Amino acid sequence: MTARHKPLRIMAEAEYNVSVPRLNSLLELDPYLKPFEKDFQRRYGLFEKQLTLLEEAEGGFDQFTRSYKSYGVHRMPDNSLVFKEWAPAAEALFLTGDFNGWDNFSHPYAKKDFGKWELHIPPKEDKTPAVAHNSKLKVVVHTRMGERLYRISPWAKYVTRHEKSVIYDWVHWDPPQPYIHKHPRPQKPRSLRIYESHVGIASPEGKVASYSNFTHNVLPRIKDLGYNCIQLMAIMEHAYYASFGYQVTSFFAASSRYGTPEELKELIDVAHSLGIIVLLDVVHSHASKNTEDGLNSFDGSDSCFFHSGPRGEHSLWDSRLFNYSGWEVLRFLLSNLRWWMEEYRFDGFRFDGVTSMLYHHHGIGSGFSGDYAEYFGLHVDEDSIVYLMLANHILHTLYQDCITIAEDVSGMPTLCRPVQEGGLGFDFRLAMAIPDKWIQILKEFKDEDWNMGNIVHTMSNRRYGEKCIAYAESHDQALVGDKTLAFWLMDKDMYTNMSALIPMNSVIDRGIQLHKMMRLLTHGLGGEGYLNFMGNEFGHPEWLDFPRVGNNESYHYARRQFNLVDMDHLRYRQLYAFDRDMNRTEDKYGWLAAPPAYISAKHEGDKVIVFERANVIFIFNFHPTNSYSNYRVAVGPPGKYKIKLDSDEIHYGGHGRLDHNTEFFTEPMEFSNLPNSMLVSKLYYLLP
């Protein structure tokens, strides 16, 4: 070994010997992670190194993540304007727009160190800013190849599209009377009940709905239903509406198709006044390939914010992939999180596409058997892991009640363990296997062939000590090519037989009962939080499909038919009422915040599932034809029990077969490894 190589060897050994503050706690929780101890040390060492560099070069992460206050455009106290960009491959930068009659050369940026460019524009003679609020701008990029490119600032706070144009315009947003938040952030809820929402489809009308519509017409519904958290999708600006918001073009801009930034601020403020927290569905896993109104090729190069070559392309999503090791990329993404927390007062994030970030293969063609070797090694993208560790560490340090949720299908261990243990620091992960299981059952099995053990296993198969958000269906299950659970259960009968003025036929009866039971089982057993996609609480029919060429730009399926639940004579109201009371019952007893359930029965012959959580006994009879009298169930705490939620109540679309005045007394008779048990007088089958 030559002397030239020795320092590299020493650095590598030093990284392996990094002390992870609470690694022993992690290894006690899961001893099977012990063989990968050096992986955790290396990851934590890289994370620590970045924190140190931020301290040395930028004065710490607090200052670094406020870079949105210096990049883009900013008005100074004297009404002069400062423009700042990072375009390392550019030969020259100019600013053009309404303010200078679209002169491409009159306002050049000055080149600074490290690929940065700055422009100062003094105020006009009347002391007003040279660039007026709501006027259009472009960055003119001259490349080393002699090209002239027209770009939107990556830090643009507002972009709009003219009706006849396909390209978005950068609009200078500096309102004379900015919205001032009136209400403090609510405290982090004990139990998380999430209403996943899309502003644009939040109306029965065939159009793009507005922030104001959501504030005035949807927030009261969410409050009534008992959800204490909203997860807002498709807020970060995306040129293609049908991408569902997952092909982001402007990361700092709230989508203008729903209204103004001030109207989004009002939406969040009003939600806070109702005691509801709001999470942003943040997309940092990839970016749109758009160049004129996106990040791609901002400075004329193949790289800039992204990896160059194949590593910078996602083959399935046809999008660009960030270079998470880049200093200015970290500045951009971490400041982006801070921007949404500070400017709009979001309460946290659901990180989209985390699986793609974690692995160089992006999860493409990987089945993830659960073998721990799948989660460590050269196929893991440690740049991405360190970015996520930084993001979670910074968010949770600056905002004590911030909530972060990871969308990961791989089952990466320690995703939801603290960074100080060597984990990635998320609060929750989505329990993505649960909705897939429900769809599989409905597609492939007759009612009498449902496997209780398999259902229970799917509901309870999660890493100990890592919290999950359970859901029976989200927006994914309703996309075109699939359909909502209600439509899987009842299909075309929903068009003609949902009236409460006529007797239920067997299809509607079965569908309504199973819809309630599947959701309650998921709610009670599946996780430490619960999620519902807007409209599905009342059994929304059909599917989701955004306007596109393939459907003649139709909005028919890009809307939520809240009008259905507002009609007294339709059974959608009954499903709505059950969902509301399910949430209210959880709010009273707190099973989502309780330890995992004790499952005392998963009887294949009887098709019965019984479990206990938060001193609440859950009893499900999924048998299509058998009912049971004096059915013994196991109980932990002794005493008297009463019915608190009954899916068979008439106002929930049930048949009212249970007497709610009945009291159930425990006996000191051991059953299913619990010290007490009781007889349930009637356990009715699914269909009468």
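User: In which sense do β4 and strand β5 (residues 116-121) pair?
Analyst: This is a predicted model in which local features need pLDDT of at least 70 and side-chain atom pairs count only at pLDDT 80 or more, while totals for chains, interfaces and linings use all residues. Residues are numbered from 1 along each chain as its sequence is written, and side-chain values use heavy atoms, with hydrogens and water left out. Helices (H or I, at least four residues) and strands (E, at least two) are DSSP runs numbered from the N terminus, and two strands pair if DSSP finds at least two bridges between them. β4 and β5 are joined over two bridges, and the sense is antiparallel.

User: What is the bridge partner of Gly348 in β18?
Analyst: A closed barrel of eight strands with parallel pairing runs β10-β11-β14-β17-β18-β19-β20-β21. Within it, four bridges join β17 (residues 348-351) to β18 (residues 403-406). The partner of Gly348 is Ile403.

User: At about what angle does helix α15 (residues 506-525) run to β21?
Analyst: The helix lies across β10 (192-198), β20 (468-470) and β21 (529-533), where contact means heavy atoms within 4.5 Å. Axes are lines fitted to C-alpha atoms, for helices over the stretch in contact, and angles run from 0 to 180 degrees between N-to-C directions. Relative to β21, α15 runs at about 145°.

User: Why is α15 largely enclosed by the rest of the structure?
Analyst: Buried means under 20% relative accessible area, exposed over 50%, and partly exposed in between, with a 1.4 Å probe and protein chains only. The helix is largely enclosed because, of its 20 residues, the number buried is 18.

User: Which residue caps the N-terminal end of α15?
Analyst: The backbone nitrogen of Val507 has a side-chain oxygen 3.2 Å away. That oxygen belongs to the capping residue, Asn505.

User: The rings of Trp450 and Phe622 have their planes at 40°; how is the pair classed?
Analyst: Rings of Phe, Tyr and Trp (its six-membered ring) pair if their centres lie within 6.5 Å; planes under 30 degrees apart count as stacked, over 60 as edge-to-face and the rest as tilted. The structure holds 46 such aromatic pairs. With centres 5.7 Å apart and planes at 40°, the class of Trp450 and Phe622 is therefore tilted.

User: How many residues apart are Trp450 and Phe622?
Analyst: Trp450 is in the loop between α10 (433-444) and α11 (452-460), whereas Phe622 is in the loop between β24 (616-621) and β25 (628-635). The pair thus links distant parts of the chain, with a separation in residues of 172.

Key: A polar contact is a pair of N or O atoms within 3.5 Å; within protein, one must be able to donate a hydrogen and the other to accept it, and residues adjacent in sequence count only if both atoms are side-chain atoms.
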